[in-house]
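Please have a look at the chain below before reading on. The paragraphs after it go from the outline to the strands, then to the helices and loops.

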Amino acid sequence: MPANNLTIRQYLSELTPYKATLIAVSKTKPDALIQAFYDQVGQRDFGENKVQELVGKYERLPKDIRWHMIGHLQTNKVKYLAPFVHLIHSVDSEKLLREINKEARKNNRTIKVLLQVHIAQETEKFGFSMEEAQRLLEGNTVQELVHVNVVGLMGMATNTTDEQQIHHEFAQLKAFQDTLGPRLKGPNIHLDALSIGMSGDYRIALQNGGTLIRIGTALFGSRD
Ligand SMILES: *Cc1c(COP(=O)(O)O)cnc(C)c1O
């Protein structure tokens, strides 16, 4: 399936009343499809899950694209993204957060990040537990890392057809954000963003306060 402008327009208009941002997840997809969405509907937010692919696309495509790193990130690869990445959704350890801070400082910038919180039943997915995320956010560590800006949370629901379960998992993360967010101190911590929802569950994510919706397959077609 080629990039479908009708489709992306429909998603954009579905997100508008919720004031949510569409992250077009372009992993494995060619530059031409990204350029088509860029030219024809003004799409600027794109998501990738592999560092090398993200860097290549950054180098070849227009420089005003906002690149979102949504996949697991190894500390030794942070340096390749640090000069330009718009938002790292997948911070899943304090070690990674410290490395992002270090590389951001080298590049004379502040990098916006989300903490990935584990909400699914599957055990293989990355992320902090809510207790771990809370401990990190309430401690002094983040405030000392002045080159990172923690702007919210990210979660992935269980891969299931049980919509009640997905709803429950997203609602739990939203409740966590709402209770913890206002209590946090520090000029570089504001839990405003909630990155939840993919092609199969984006409507449930919108109903539960998702502000960054990461859609791949439904826009670009299946990945083989
Ligand atoms: C691939 C991916 C998506 C998009 O998934 P689709 O089902 O293709 O919409 C969203 N989030 C993350 C973290 C991904 O890796």
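## A walk through the chain

Strands β6 and β7 (residues 189-195) run parallel and are joined by four bridges.

The model is a predicted one. The chain contains 10 helices and eight strands. Its C-alpha atoms fill a box of roughly 50 × 45 × 30 Å along the principal axes. For 224 residues, a compact globule would have a radius of gyration near 17 Å, and the chain agrees with this because its own value is 17 Å. Of the 224 residues, 52% count as buried. A residue is called buried when its relative accessible area is under 20%, and exposed when that area is over 50%. The chain exposes about 10700 Å², and carbon and sulfur atoms supply 48% of this area. Contacts between residues at least 6 apart in sequence can also be sorted by separation: 61% of them join residues at least 24 apart.

Back to the strands. β6 also pairs with strand β5 (residues 111-116): six bridges join these two, and they run parallel. Here the bridge partner of Val113 is Val150 in β6. How much of strand β6 is buried? Six of the seven residues of β6 (residues 148-154) are buried, so the strand is largely enclosed by the rest of the structure.

β5 is in turn paired with β4, again in the parallel sense, over three bridges. In this pair, Leu87 has Lys112 of β5 as its bridge partner. The chain crosses from β4 to β5 through helix α5, and this β-α-β crossover is right-handed. Strand β4 (residues 87-91) is mostly covered, with five of its five residues buried. β4 also pairs with strand β3 (residues 66-69), in the parallel sense and over two bridges. There, Met69 stands opposite Ile88 in β4.

Next come the helices. In helix α6 (residues 130-138), the buried residues are Met130, Ala133, Leu136 and Leu137. They cover an arc of only 130° around the axis, which puts them on the same side of α6. An α-helix has 3.6 residues a turn, so residues three or four places apart point the same way. On the other side of α6, Glu131 and Arg135 are exposed. What do the buried residues of α6 pack against? Their partners are α5 (94-106), β5, α7 (141-144), β6, α8 and β7.

Helix α2 (residues 31-41) has the buried residues Leu33, Ile34, Ala36, Phe37, Tyr38 and Val41. Asp39 is also in helix α2, but Asp39 counts as exposed because its relative accessibility is 52%. The C-alpha atoms of Asp39 and Gln134 are 41 Å apart, and the two residues are 95 apart in sequence. After α2 comes Gly42, which has a positive phi near 70°.

A positive phi is also found in residues other than glycine. Thr28 has a phi near 70° and is not a glycine; Thr28 is in the loop between β1 (21-25) and α2. Asn108, also not a glycine, has a positive phi of about 60°. Asn108 is in the loop between α5 and β5, and Asn108 is exposed, with a relative accessible area of 70%.

The last stop is Ala120. Is Ala120 buried or exposed? With a relative accessible area of 8%, Ala120 is buried, although Ala120 lies in a loop, between β5 and α6. Leaving out residues up to four places away in sequence, Ala120 touches Met156, Ala157, Thr158 and Glu169. Ala120 and Phe170 are 50 residues apart in sequence, and their C-alpha atoms are 9.3 Å apart in space.

Terms used: Residues are numbered from 1 along each chain as its sequence is written. This is a predicted model: local features need pLDDT of at least 70, side-chain atom pairs count only at pLDDT 80 or more; totals for chains, interfaces and linings use all residues. Side-chain values use heavy atoms; hydrogens and water are left out. Buried means under 20% relative accessible area, exposed over 50%, partly exposed in between (1.4 Å probe, protein chains only). Two strands pair if DSSP finds at least two bridges between them. The radius of gyration is taken over C-alpha atoms; the globule rule is 2.2 Å times the number of residues to the power 0.38. Contact means heavy atoms within 4.5 Å. Accessible areas come from the Shrake-Rupley method with a 1.4 Å probe; for residues, only the protein chains shown count as cover. The arc is that of the directions from the helix axis to the C-beta atoms. A crossover is right-handed if, with the strands pointing away from the viewer, the path from the first strand over the helix to the second runs clockwise.
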